[in-house]
Structure formats: structure tokens, C-alpha cells
Amino acid sequence: MHDVALAHGLPVWCGGMLETGLGRAANLALAALPGFTLPGDISATARYYDQDVTAPFTLVEGELAVPAGPGIGIAPERSNLDGLTTATEWIPAP
């Protein structure tokens, strides 16, 4: 959709609210593409959570840095997951 909108000169918006750091990283990656010219509503972790499954995203002069790692740029922190997990289930491969 981004590429089609960009090719036709249409502005694109990406935002989110209650996603974890994983969703926030994906939103940031999208919002950083050249066609996303409308202001988004992606905010810092502390606005929604005391603790997240990833390292916190923090605002610096009103902006969030786009993670630079592979994939969505960020990974869950095991210690955070352990503290927030209420149940697990292992599903074996077929």
C-alpha cells in the first residue's frame, strides 16, 4: 500500500496506541518510509506501560528513534517476558 500511495503522490499515515514494544517497532519501521508524511501517534512506552516486553522506547525532542537491528529492529528482553508471562504452551511442529 505504501508503494502504491507513494507512486500516486498520496500521503500515508501509520500510528498505534496500546501495542507492545514489538508492535511499536513495526509501526516505527513503517512510519519511517518516505510515503508516510502525515504525523503519526506513535508514542513512548511509558505513556502506556510501566514495563514492556522490550527495552522502552523514549521520546527525544518529540521523536522516537527507529530501531536499526535486523527484522523489526528490536527483540523481546527475556527478563521482561518472564516477569509478564502468565501462561505458556508449547505446540510441536507437524
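In the classification of residues used here, Ala, Val, Leu, Ile, Met, Phe, Trp, Tyr, Cys and Pro count as nonpolar, Asp, Glu, Lys and Arg as charged, and the others, Gly among them, as polar. The structure is a predicted model, in which local features need pLDDT of at least 70 and side-chain atom pairs count only at pLDDT 80 or more, while totals for chains, interfaces and linings use all residues. Residues are numbered from 1 along each chain as its sequence is written, and side-chain values use heavy atoms, with hydrogens and water left out.

Under this classification, the lining of the largest pocket comprises twelve nonpolar residues, two polar and one charged. A pocket is an open set of points on a 1 Å grid over the protein atoms alone, where a 1.4 Å probe fits, with protein on both sides within 12 Å along at least five of seven lines; lining residues have an atom within 4 Å of a point. The volume of the largest pocket is about 280 Å³, taken as the space filled by probe spheres set on the grid points, which are joined across faces, edges and corners. Of its 15 lining residues, L28, A31, G40, I42 and L64 lie nearest the centre.

Helix α2 spans residues 21–31, helices being DSSP runs (H or I, at least four residues) numbered from the N terminus. Its buried residues are G21, R24, A25, N27 and L28, where buried denotes under 20% relative accessible area, exposed over 50%, and partly exposed in between (1.4 Å probe, protein chains only). Viewed down the axis of α2, these residues fall within an arc of 165°, so they line one face of the helix; the arc is that of the directions from the helix axis to the C-beta atoms. An α-helix has 3.6 residues a turn, so residues three or four places apart point the same way. A29, also in α2, is partly exposed at 34% relative accessibility.

The loop between α2 and α3 contains S43, which is buried with a relative accessible area of 7%. S43 touches R24, Y48, L59 and L64, not counting residues up to four places away in sequence; contact means heavy atoms within 4.5 Å. E61 belongs to this loop and is exposed, at 80% relative accessibility. The phi of E61 is near 55°, a positive value in a residue other than glycine. A65, likewise in the loop between α2 and α3, is exposed with a relative accessible area of 59%. Beyond residues up to four places away in sequence, A65 touches L28 and F57. A65 and N27 are 38 residues apart in sequence and 12 Å apart in space, C-alpha to C-alpha.

Helix α3 (residues 78–84) includes N80, a buried residue with a relative accessible area of 11%. The side chain of N80 reaches the backbone oxygen of T54 at 3.4 Å. This is a polar contact, a pair of N or O atoms within 3.5 Å; within protein, one must be able to donate a hydrogen and the other to accept it, and residues adjacent in sequence count only if both atoms are side-chain atoms. With residues up to four places away in sequence not counted, N80 touches Q51, D52, V53 and T54. In the segment after α3 lies A93, which is exposed at 71% relative accessibility. A93 and A5 are 88 residues apart in sequence, and their C-alpha atoms are 39 Å apart in space.

Note on methods: Helices (H or I, at least four residues) and strands (E, at least two) are DSSP runs, numbered from the N terminus.
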